[in-house]
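Thanks for coming. Please have a look at the model on the screen before I go through the numbers.

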Amino acid sequence: MAYDDLRSFLRALDREGDLKRIKAEVDPHLEIGEIVDRVQKAKGPALLFENVKGSSMPLAMNVFGTERRLAKALGLKGPDDISEKIAGLLKPELPQGFTGFRDAFGKLASMAHVPPRHVKPGDAPVQEVVLTGDDVDLDDLPALFTWPQDGGSFFNLGLTHTKDPDSGIRNLGLYRLQRHDRRTIGMHWQIHKDSRNHAAVAAKRGERLPVAIAFGCPPAVTYAATAPLPGDIDEYLFAGFVAGERVRMVDCKTVPLQVPADAEVVLEGWLEPGEMLPEGPFGDHTGFYTPQEPFPALKIDCVTMRRRPILQSIVVGRPPTEDGPLGKFTERFFLPLLKIIIPDIVDYDLPEAGGFHNCVIVSIDKKYPKHAQKTMHAIWGAHMMSLTKLIIVVDADCDVHDYQEVAWRAFGNVDYSRDLTVVEGPVDHLDHASYQQFWGGKAGIDATRKLPEEGYTRDGGWPEMVSSDPATAELVSRRWKEYGL
């Protein structure tokens with residue numbers, strides 16, 4: 001079984017020697033980010049910073065930084081455990097198309113241990129402490145200023161809850177959150193995200209949108225928030241399926257939403273239509289800074305928490321990062337469901353270096369001319385796979401996870417005058433390489449730095465790559481033994 005809450009998982013890691021407690025005072029301005037980036041790239045332990053400058057809360061980092069730790073958190077031997085379970089659930093009918101994809105997930109609702117269950121406020125640890133009005137002070141929560149050109153301090157693992165004002169269907173998403181002041185945070189929900197659509201519907205109706213943001217949730221819930229589920233699929237249904245038990249939910253204090261009863265901290269507020277503030281820049285999971293843009297600004301009216309809360313966050317930047325294991329599990333979990341939409345697929349791989357949506361390597365059992373091209377177009381029409389920029393199709397006898405093997409095939413088996421398909425379509429909101437936002441070319445991609453002389457004319461020009469602040473890097477190197485790492 002998966003762990004019921006974050007702290008029980010941290011205790012288990014501590015017993016196994018896979019959690020490092022850092023008692024030295026550390027600064028959330030650049031220093032923590034530098035430490036975590038080094039540790040996660042070395043596949044090191046989970047970290048618990050017990051003395052964060054300016055905050056009374058411990059900060060848990062790199063919790064899911066290895067596939068082994070993530071599997072343990074979810075109560076699995078590995079990601080194939082769930083993919084096999086999903087595949088078994090879908091047989092023998094294997095419905096076709098997107099409707100079949102949705103209906104297949106709908107089957108999970110009939111499993112008694114899957115749907116979330118409601119608990120009373122008195123049974124919810126996350127509501128042991130309730131702060132409202134002027135008692136709300138987000139400065140006490142350890143937000144991270146990770147990279148030198150970041151536009152401010154961010155919470156990077158807050159699970160955002162909204163619901164569609166028309167249908168009432170809830171959504172659980174993971175978006176970065178910039179702390180603007182002691183009661184205001186920026187909501188970086190991008191153009192393709194469900195929460196953005198909820199806000200647009202509410203604004204059109206002239207209504208404010210209730211929002212709740214949970215930190216330090218049960219591991220299965222945190223994972224579910226990262227999964228690219230269709231908008232009408234409940235993430236808590238999926239979390240229960242992954243965890244093998246129902247997630248405990250409690251009503252929020254000031255907004256008509258429910259949050260995990262076993263979370264560590266919850267922020268509640270109402271988003272007023274048209275309330276926007278500049279958000280960013282931010283050293284993102286692309287490894288580059290994303291530019292400053294206006295995004296909704298949420299005023300926090302209420303904070304609930306455990307009596308001695310632990311905040312959880314992640315560091316993103318140039319891969320590998322903690323995003324890696326999360327993305328790899330999603331790749332494996334969704335293979336059986338992707339096969340429902342595209343039965344041509346034998347296997348696929350989403351390289352972490354490609355940010356998991358810039359590139360997909362797919363194998364097929366080729367049966368007719370242009371079968372590979374047919375598969376490419378099917379992938380570009382499959383939900384969030386539509387954001388894929390480069391697709392490499394290989395034969396079924398090629399191991400898509402062996403990049404040396406894939407490179408050998410791609411370098412040697414292609415006539416680029418005939419075998420290269422170039423199209424235009426949607427790209428990720430964070431994509432900096434497209435010559436305009438939100439759409440661009442796919443397939444044959446020049447990955448070099450683009451110059452104005454080449455026609456790259458976006459405001460601000462080509463962004464700088466993320467790199468550490470030299471003074472902070474030197475500081476961390478000098479204090480390395482003091483951290484006890």
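I will go through the domains, then their interface, then salt bridges and some backbone details.

First, the conventions. This is a predicted model, so to speak of a local feature I need pLDDT of at least 70, and side-chain atom pairs count only at pLDDT 80 or more, while totals for chains, interfaces and linings use all residues. Residues are numbered from 1 along each chain as its sequence is written, and side-chain values use heavy atoms, with hydrogens and water left out.

Now the domains. The assignment gives domain 1 as 6-91 + 113-312 and domain 2 as 342-460; such bounds come from an automatic or database domain assignment. Taken over C-alpha atoms, the two centres are 30 Å apart. Domain 1 puts 16 residues into the contact and domain 2 puts in twelve, where contact means heavy atoms within 4.5 Å.

What area do domain 1 and domain 2 bury between them? About 1,200 Å², with 64% of it on carbon and sulfur atoms. Buried area here is the accessible area, with a 1.4 Å probe, that two parts lose on being put together, summed over both. On the domain 1 side, Q190, H192 and H285 account for 37% of the area buried against domain 2, more than any other three residues.

A salt bridge is a side-chain nitrogen of Lys or Arg within 4 Å of a carboxyl oxygen of Asp or Glu. The side of domain 1 that touches domain 2 has six nonpolar, six polar and four charged residues.

By the salt bridge rule, the overall count is 36. One of them joins R307 and E128, with the closest N and O atoms 3.6 Å apart. These two are 179 residues apart in the chain: R307 is in the loop between β18 (293-305) and β19 (311-312), and E128 in the loop between β4 (117-118) and β5 (129-132). Helices (H or I, at least four residues) and strands (E, at least two) are DSSP runs, numbered from the N terminus.

Last, the backbone. Most residues other than glycine have a negative phi, and most peptide bonds are trans. G280 and P281 are joined by a cis peptide bond, omega about -5°, and P281 sits in the loop between β15 (276-279) and β16 (282-283). The bond from P319 to P320 is also cis, with omega near 5°. K43 has a positive phi, near 55°, in the loop between α2 (31-41) and β2 (46-49).

Notes: Ala, Val, Leu, Ile, Met, Phe, Trp, Tyr, Cys and Pro count as nonpolar, Asp, Glu, Lys and Arg as charged, and the others, Gly among them, as polar.
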